[in-house]
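Dear colleague,

Please find the structure below. My notes on its charged residues and one of its helices follow.

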Amino acid sequence: MPQHELPDDDDEETTSENAAIDLTDSEYYLNRELSQLEFQKRVLHEAMDERNPLLERVKFLAIFTTNMDEFFRKRVGGLKQQMAADVTELSPDGRTPREQWDEILDVTREMFRQQSSCYRDVIHGELAGAGIEIVSYDDLSSAERDDLREYFEASVLPTLTPLTFDPAHPFPFISNLSLSLAVLTRKDDESETTFSRVKIPKNRPRLVRIGDETRYVLLEDVIRANLDLLFPGTEIIDHSTFRVTRNAEVGKDEEVAEDLIDMIESVLRERRFATVVRLEIEEGMPDEVRELLVEQLGVDEREVFCLPEPLDFRDFMDLTDCDRSDLKTAPWTPQPHPRLSGGTPDESVDVFEEIRRNDVLVHHPYHSFEETVQKFLRQAATDPDVLAIKLSIYRTASDSKVVESLIEAAKNGKQVAVMVELKARFDEENNMEWGKKLEEEGIHVAYGTIGYKTHSKTALVVREEEDGVQLYSHIATGNYHSETAKTYTDLGLLTADREIGQDLSDLFNYFTGHTRHEKYRKLLIAPGNMRERFTEMIRTEAGLAREGKEGRIVAKMNSLEDPAIVEELYRAAMDGVDIDLIVRDICRLRPGIEGVSETVDVYSVVGRFLEHSRIFYFGNDGDPRYFIGSADWMTRNLDKRVETITPVTNPALREELSMILETMLADNRNCWVMESDGSYRQRRPGDEPAVATQDVLMRRAGRMSDT
């Protein structure tokens with residue numbers, strides 16, 4: 001692994017200095033919410049980065065909107081619930097819920113301004129220059145306006161339901177994240193205006209195509225221009241768009257904000273605190289409409305975001321479907337794994353023989369999910385020697401081939417047991433449907449574990465062979481989901497290691513029997529031994545450094561949030577351990593603090609694929625330890641979820657993991673470096689050759705599939 005220059009500190013002096021520093025002090029911890037917003041800034045930067053193809057930038061505009069919608073619903077909603085419940089407990093960085101809320105609103109206001117400016121000042125014009133025009137209704141010819149009026153009357157008007165607020169009608173309920181028109185009207189014989197809300201329908205294209213050209217007008221503009229058909233016999237005084245964001249309700253979304261909601265007494269959880277957490281309004285909205293919305297929705301003026309049109313960029317993702325390869329990144333097709341591909345669709349490779357010969361590491365989306373993980377389960381379903389299949393489902397595709405293989409296995413007389421997590425955010429209904437279908441086929445289905453969300457991504461195949469019953473295991477960082485496997489980077493280990501198989505067998509018995517094991521042979525399991533083992537390995541590196549030996553840690557994950565792990569890393573750094581952290585989004589640790597974290601560097605890689613894999617490396621005095629699995633270093637992963645981390649012991653596979661980490665640390669195209677204050681700067685190649693991690697790994701996978 002790449003090394004830093006380590007300081008030549010005296011052991012005793014370092015130990016004394018360590019003891020004098022209070023590492024629980026809030027100054028050593030970054031705020032979770034503000035760190036998450038730093039990640040969203042990096043996402044937004046992808047939309048602003050002129051090096052990216054134009055439609056890739058449009059894609060990131062849409063992704064940023066979706067991410068921020070979820071942030072306000074979950075995180076800001078959770079903070080407002082804390083505020084309403086009078087929670088005064090400080091976060092590890094020393095902020096009250098209200099202080100966090102105040103800072104979030106200040107930071108996000110500028111972020112939304114940047115997003116609007118990016119579209120209006122740059123992307124809108126560049127799209128037009130490339131022949132993809134999003135035009136104003138007023139710029140259309142009279143013939144085009146006539147055609148759109150016919151379209152409106154035939155296809156849009158019947159879907160609209162104007163809701164009026166007056167003495168005879170209560171203020172309408174504004175659904176979450178819906179785009180709406182606030183319409184002021186007046187009858188000819190009256191002087192007072194009337195407010196009506198018109199919801200922009202989601203079942204009509206937001207980008208309305210003009211004729212056969214790649215010219216579009218926004219649906220809200222079509223509706224505005226034809227309001228006389230919706231409000232006949234009235235004078236249209238004004239029309240302006242607005243959008244409401246509501247908090248995620250605990251009962252419907254158990255992952256709403258677990259760490260925040262835990263602070264609220266259970267009796268208060270059911271009360272509808274702070275239902276609206278954000279109000280976006282179009283610039284130029286009349287004061288009387290703004291004041292009415294603020295009053296009726298019960299929002300604070302600080303929660304009002306006044307922005308240029310258009311509001312809500314989610315639907316702009318549809319532009320990426322345009323047949324314009326010149327405006328997109330080159331398409332990527334996941335490649336066959338060199339050890340699991342038979343070159344023909346007739347399953348000529350015996351997956352079990354290959355795994356037994358040596359462990360297999362699969363890396364998505366560089367390796368095909370269908371021809372690795374799905375092939376493993378497909379062969380298990382039809383292999384006459386397979387006795388049982390066990391699998392945990394957190395997320396899976398709506399047309400899951402994985403589930404179809406499980407059903408086929410049951411029909412072939414194999415014992416099949418499946419752990420289905422019903423609290424997987426956004427996938428509850430899908431998982432429930434699959435669970436019912438599995439049960440109908442006679443498959444043993446367990447729905448969650450008491451007190452914990454099951455986030456583990458594991459499969460176990462039990463097979464009778466000449467030398468006895470053999471266990472084949474798959475432990476992964478990502479879900480059994482064929483679609484996300486094309487856009488998320490994830491790793492999976494296929495192994496015939498008997499002790500790992502026995503550990504998985506114990507874990508699946510816990511899923512179905514609820515008898516929890518505390519000790520495992522090789523796996524790191526939460527709840528169980530995971531926190532203890534990670535702490536122990538960090539301390540081992542610290543001990544080596546104190547002895548004058550090389551202490552080294554490299555860890556790649558989505559989030560580093562757990563204060564106790566951060567404190568352990570600080571102590572290891574103070575002892576001289578060289579630490580590189582590749583953290584996609586949230587990171588509480590502050591690198592580069594004099595006397596505390598000078599040997600720690602924090603990086604984040606943001607590219608075309610979502611970095612989702614977790615890799616942990618510990619130098620261990622020349623006998624390195626490598627691990628992959630489902631858990632981040634977050635309190636919820638270590639203490640409140642069922643998670644699985646596996647060691648990787650095969651030398652060739654460890655070299656593969658080392659190559660991935662080294663490539664990411666050398667990235668000068670998509671890599672960001674964290675400063676001590678929690679801000680990030682993007683690396684630039686300058687005069688050096690550009691190194692983009694995901695491009696390197698795509699080229700490598702392509703070369704290996706050709707050999």
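A salt bridge is a side-chain nitrogen of Lys or Arg within 4 Å of a carboxyl oxygen of Asp or Glu. Please note that this is a predicted model, in which local features need pLDDT of at least 70, side-chain atom pairs count only at pLDDT 80 or more, and totals for chains, interfaces and linings use all residues. Residues are numbered from 1 along each chain as its sequence is written, and side-chain values use heavy atoms, leaving out hydrogens and water.

The whole structure holds 66 salt bridges. One network of them links Asp 69, Arg 243, Arg 278, Glu 280, Asp 312 and Arg 314. Helices (H or I, at least four residues) and strands (E, at least two) are DSSP runs, numbered from the N terminus.

How accessible are Asp 69, Asp 312 and Arg 314? Buried means under 20% relative accessible area, exposed over 50%, and partly exposed in between (1.4 Å probe, protein chains only). Asp 69 is buried at 4%, as is Asp 312 at 5%, whereas Arg 314 is partly exposed at 22%.

Finally, the buried residues of helix H17 include Ile 565, Glu 568 and Tyr 570. After H17 comes Gly 576, with a positive phi near 105°.

With kind regards
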